[in-house]
Amino acid sequence: MDTALTLRTLPADPETLRSLFLFEALAEEQLGPLVDNAQLIDVDTGRIFAEGDPARFFYVLVDGELAVSKRAGERDVETHRTTHRGTYCGATAAFIECPPEEYTFTVRVVSPSRLVRI
């Protein structure tokens, strides 16, 4: 499976983050650090991360389509596909005491997409 080609990386802006349900109710002092640590990435089709890769980033779908899969023996089995704006994935357990060090599933973009990467 090919890794998705990043077509463009831009700084995140408060308006884009605020337009996503995860961030819409944050106070300015809460949103600021997110903006400082986030990027907008435009990607072509392919894998964003694979099960077993180091869990480094949290992703939020701005536009496009994601497919989630899980290993079953020697095969990747697709478990979910979505175009829903605001869908999030990746390092989602960073706030718990002992977060996983690796992604436990694989995410691909199946059409050119824009994501927030934190």
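This is a predicted model: local features need pLDDT of at least 70, side-chain atom pairs count only at pLDDT 80 or more; totals for chains, interfaces and linings use all residues.

Trainee: How many aromatic pairs does a search of the whole structure find?

Mentor: The search finds five aromatic pairs. A pair of aromatic rings is described by the distance of the centres and the angle of the planes. Take Phe49 and Tyr59: their centres are 5.8 Å apart and their planes stand at 25°, a stacked pair. Phe49 belongs to strand E3 and Tyr59 to strand E4, so this pair ties together parts that are 10 residues apart in sequence.

Trainee: Are Phe49 and Tyr59 buried or exposed?

Mentor: Phe49 is buried, at 2% relative accessibility. Tyr59 is buried as well, with a relative accessible area of 5%. Phe49 also forms an edge-to-face pair with Phe105, at 5.6 Å centre to centre and 65° between the planes. Phe105 lies in the loop between E6 and E7, so its pair with Phe49 in strand E3 ties together parts that are 56 residues apart in sequence.

Trainee: Which residue lies over the face of Phe57?

Mentor: That residue is Arg117, at 4.9 Å from the ring centre of Phe57.

Trainee: How should I read the strands, and which of them pair with E7?

Mentor: As a general idea, in a regular strand the side chains alternate between the two faces of the sheet. Here, strand E2 (residues 39-43) pairs with strand E7 (residues 106-117) in the antiparallel sense over five bridges. Strand E3 (residues 46-49) also runs antiparallel to E7, joined by three bridges; Gly46 stands opposite Val109 there. Strand E4 (residues 58-72) pairs with E7 over nine bridges, again in the antiparallel sense, and Glu65 has Ser111 as its bridge partner in E7.

Trainee: Let us turn to a loop residue. Where is the place of Thr87?

Mentor: Thr87 sits in the loop between strand E5 (75-82) and strand E6 (88-90).

Trainee: Why does Thr87 count as buried?

Mentor: A residue is called buried under 20% relative accessible area. Thr87 has 19%, and therefore counts as buried. Its side chain reaches the backbone oxygen of His84 at 2.8 Å.

Trainee: Which residues does Thr87 touch, not counting residues up to four places away in sequence?

Mentor: Thr87 touches Tyr59, Val60, Leu61 and Thr82 on that count.

Terms used. Residues are numbered from 1 along each chain as its sequence is written. Side-chain values use heavy atoms; hydrogens and water are left out. Helices (H or I, at least four residues) and strands (E, at least two) are DSSP runs, numbered from the N terminus. Buried means under 20% relative accessible area, exposed over 50%, partly exposed in between (1.4 Å probe, protein chains only). A polar contact is a pair of N or O atoms within 3.5 Å; within protein, one must be able to donate a hydrogen and the other to accept it, and residues adjacent in sequence count only if both atoms are side-chain atoms. Contact means heavy atoms within 4.5 Å. Two strands pair if DSSP finds at least two bridges between them. Rings of Phe, Tyr and Trp (its six-membered ring) pair if their centres lie within 6.5 Å; planes under 30 degrees apart count as stacked, over 60 as edge-to-face and the rest as tilted. A charge sits over a ring if NZ of Lys or CZ of Arg is within 6 Å of the ring centre and within 35 degrees of the ring normal.
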